[in-house]
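Subject: Structure handover

Hello,

Here is the structure I promised to pass on. Please open it first, then read my notes below.

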Amino acid sequence: RRCPIPIVNVVQGRALGLGCALAALSDITIAASTATFQVPEMAHRILPGMVMSALIDDGVNGLIVCGSVGENTALRADEKREMLRLAKDVSRGRVPVVSGVAEYTTDLACEYARDAQKIGIDGLMAMPPMVYSAKPAELIAHFGTLSRASDLPIMLYNNPPAYGNDLKPEIIAKLAEFKTIAAIKESSGD
């Protein structure tokens with residue numbers, strides 16, 4: 001069954017404008033989210049897999065999993081990697097799968113990027129380090145180091161209200177020099 005609840009946390013992309021996704025279990029309909037379930041298989045595989053499959057069937061152009069301040073910060077490291085494997089399994093090459101990179105340190109972000117590449121993810125959507133207001137040179141160092149950690153294309157995610165960092169044009173101009181930085185998701189509202 002289709003649910004009338006917008007899905008924005010589990011999978012993004014063109015899905016942001018679709019508004020509905022399939023996540024039915026018996027006689028109830030559940031919007032997949034970061035809610036804690038008593039049965040981990042339900043929370044971490046069945047429901048998210050159903051949502052991803054329905055979005056692909058509905059025609060999305062790609063999946064972005066572990067987006068940012070939603071499920072990415074709510075999941076343990078092993079759960080994030082499992083979500084990446086699930087998205088690759090569900091997509092079966094029908095759409096590209098991109099993963100958010102929202103970590104507290106550059107080292108953790110680089111480790112995650114390397115793992116995402118090993119899993120077969122198609123690209124990364126990278127945020128500045130979580131909970132830390134960085135100076136421009138520190139942001140350039142963070143993203144530059146991340147760009148060298150894997151061969152995956154990177155979409156920078158500029159969301160100053162959520163991260164306290166703003167990727168201003170002069171920062172983006174310097175980051176454009178890195179070969180794997182390919183796009184930007186702009187959410188500054190400015």
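Contact here means heavy atoms within 4.5 Å. Keep in mind that this is a predicted model.

**H3 and H4**

Start with helix H3, residues 77-91, and helix H4, residues 106-119. Their axes lie 10 Å apart, and the helices pack at an angle of about 30°. Angles under 35 degrees count as roughly parallel, so H3 is roughly parallel to H4. The crossing of H3 past H4 is right-handed.

Which residues of H3 and H4 meet? From H3 come Lys80, Arg81, Leu84, Arg85 and Lys88. From H4 come Glu111, Tyr112, Asp115, Ala116 and Ile119.

**H4 and H5**

Now follow H4 to helix H5, residues 136-149. The two axes come within 8 Å and cross at roughly 25°. That makes H4 roughly parallel to H5. H4 passes H5 in a right-handed crossing.

On the H4 side, the contact is made by Thr106, Ala109, Cys110, Ala113 and Arg114. H5 supplies His142, Thr145, Leu146 and Ala149. The residues of this contact divide into five nonpolar, three polar and one charged.

**The second largest pocket**

Next, look at the second largest pocket. How much space lies in it? The volume is about 150 Å³.

Its lining includes Asn72, Thr73, Leu75 and Ala77. Lys80, Arg81, Glu111 and Tyr112 also line this pocket, and these four take part in the contact of H3 with H4. The elements that give two or more residues to the lining are helix H2 (71-74), H3 and H4. By type, the lining residues are six nonpolar, two polar and four charged.

Best wishes

Technical notes: Residues are numbered from 1 along each chain as its sequence is written. This is a predicted model: local features need pLDDT of at least 70, side-chain atom pairs count only at pLDDT 80 or more; totals for chains, interfaces and linings use all residues. Side-chain values use heavy atoms; hydrogens and water are left out. Axes are lines fitted to C-alpha atoms, for helices over the stretch in contact, and angles run from 0 to 180 degrees between N-to-C directions. Angles under 35 degrees count as roughly parallel, over 145 as roughly antiparallel, 65 to 115 as roughly perpendicular and the rest as oblique. A crossing is left-handed if the near helix is turned anticlockwise from the far one by less than a right angle, and right-handed if clockwise. On a 1 Å grid over the protein atoms alone, a cavity is a set of points where a 1.4 Å probe fits but cannot get out, and a pocket is an open set with protein on both sides within 12 Å along at least five of seven lines; lining residues have an atom within 4 Å of a point. Grid points are joined across faces, edges and corners, and a volume is the space filled by probe spheres set on the points. Ala, Val, Leu, Ile, Met, Phe, Trp, Tyr, Cys and Pro count as nonpolar, Asp, Glu, Lys and Arg as charged, and the others, Gly among them, as polar.
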